[in-house]
Amino acid sequence: MLVAAAVCPCPPLLVPAVAAGAAPELEPLRAACGEAVGDLLDAGTELIVVVGTGPRAEVWTEGGVGSFQRYGVELAARLPLGGPGDTELTPSLTVGAWLLEQAGAAVPTHACAVPTDTGPQRLLGLGKGLADLADRVGLLVMGDGSACRSLKAPGYLDERAAGYDAAVAAALGAADTAALAALDPDLAGELMVEGRAPWQVLAGAAEGTGLGARLRYDEAPYGVGYFVASWR
């Protein structure tokens with residue numbers, strides 16, 4: 001069953017080598033992610049599953065490695081204790097693997113990618129299945145909020161974005177699985193929300209567990225909503 005989860009955003013700028021001169025700007029976000037991942041590892045999990053987005057549904061159970069070379073940095077991140085496989089991770093899962101490496105994780109780790117347009121019921125069912133993989137499962141859930149929070153945001157300014165992100169932050173800070181399950185895929189697509197699908201996987205995994213929650217970060221640097229939360 002699910003015993004803990006860490007929710008983090010997945011911008012490559014979390015990695016100081018990628019952010020370069022802009023690295024100090026995201027230090028509070030980076031610190032919050034480190035605290036959330038540390039709390040996840042302290043929960044005594046037997047298996048961690050990193051959940052993020054990808055172009056197709058895909059699962060890594062025998063290891064995986066991701067590279068930041070696409071951002072001009074000779075750096076790679078590997079799933080901890082994932083086996084000998086070198087199958088390439090998606091960008092969001094690569095950031096998750098990097099966070100686990102930074103935390104010194106030594107727990108068997110799988111990864112799961114879901115397309116951003118996957119329907120809620122399928123995601124909820126997937127979450128239930130992941131929670132059944134071991135007696136003590138932990139999820140590292142990677143995904144950003146709306147990319148339409150300011151005029152300089154990747155998706156420009158959409159007046160609906162702030163309200164959408166506020167609702168997500170409230171749900172993540174209260175472990176409100178029903179609110180996460182009810183997120184509208186179409187609206188998420190219009191607001192360029194990458195995290196909707198992974199959050200609904202979390203909702204399925206956590207349903208009925210009674211986990212508590214702590215929202216560690218809720219800001220929109222660069223016009224993109226970033227949330228960090230711990231569920232335990």
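Analyst: First a term: the radius of gyration is taken over C-alpha atoms, and the globule rule is 2.2 Å times the number of residues to the power 0.38. Also, this is a predicted model, where local features need pLDDT of at least 70, side-chain atom pairs count only at pLDDT 80 or more, and totals for chains, interfaces and linings use all residues. Residues are numbered from 1 along each chain as its sequence is written, and side-chain values use heavy atoms, with hydrogens and water left out.

User: OK, what radius of gyration does the protein have, against that of a compact globule?
Analyst: The protein has 16 Å, which agrees with the value near 17 Å that a compact globule of 232 residues would have. The C-alpha trace spans about 45 × 40 × 30 Å along its principal axes.

User: How many helices and strands?
Analyst: There are 8 helices and 9 strands. Those are DSSP runs numbered from the N terminus: helices are H or I with at least four residues, strands are E with at least two.

User: And what share of the residues is buried?
Analyst: 53% of the 232 residues. Buried means under 20% relative accessible area, exposed over 50%, partly exposed in between (1.4 Å probe, protein chains only).

User: Switching to salt bridges, how many are there?
Analyst: The structure holds 9, counting a side-chain nitrogen of Lys or Arg within 4 Å of a carboxyl oxygen of Asp or Glu. One of them pairs Glu35 with Arg216 at 3.2 Å, N to O. Glu35 is in helix H2 (residues 27-41) and Arg216 in strand S8 (residues 213-219), so this pair links distant parts of the chain, 181 residues apart.

User: Are Glu35 and Arg216 buried or partly exposed?
Analyst: Glu35 counts as partly exposed at 45% relative accessibility, and Arg216 counts as partly exposed at 21%.

User: What about Arg149 and Asp165, how far apart are they, N to O?
Analyst: Their side chains meet in a salt bridge at 2.7 Å. Arg149 lies in the loop between strand S7 (137-142) and helix H5 (161-174), and Asp165 in helix H5, so the bridge ties together parts 16 residues apart in sequence. Arg149 is partly exposed at 27%, while Asp165 is buried at 1%.

User: Which residues share partners in a network?
Analyst: First the pair: Glu190 and Arg160 form a salt bridge at 2.9 Å, N to O. Glu190 lies in helix H7 (residues 185-190) and Arg160 in the loop between S7 and H5, so parts 30 residues apart in sequence are tied together. Salt bridges that share partners then join Asp158, Arg160 and Glu190 into one network.
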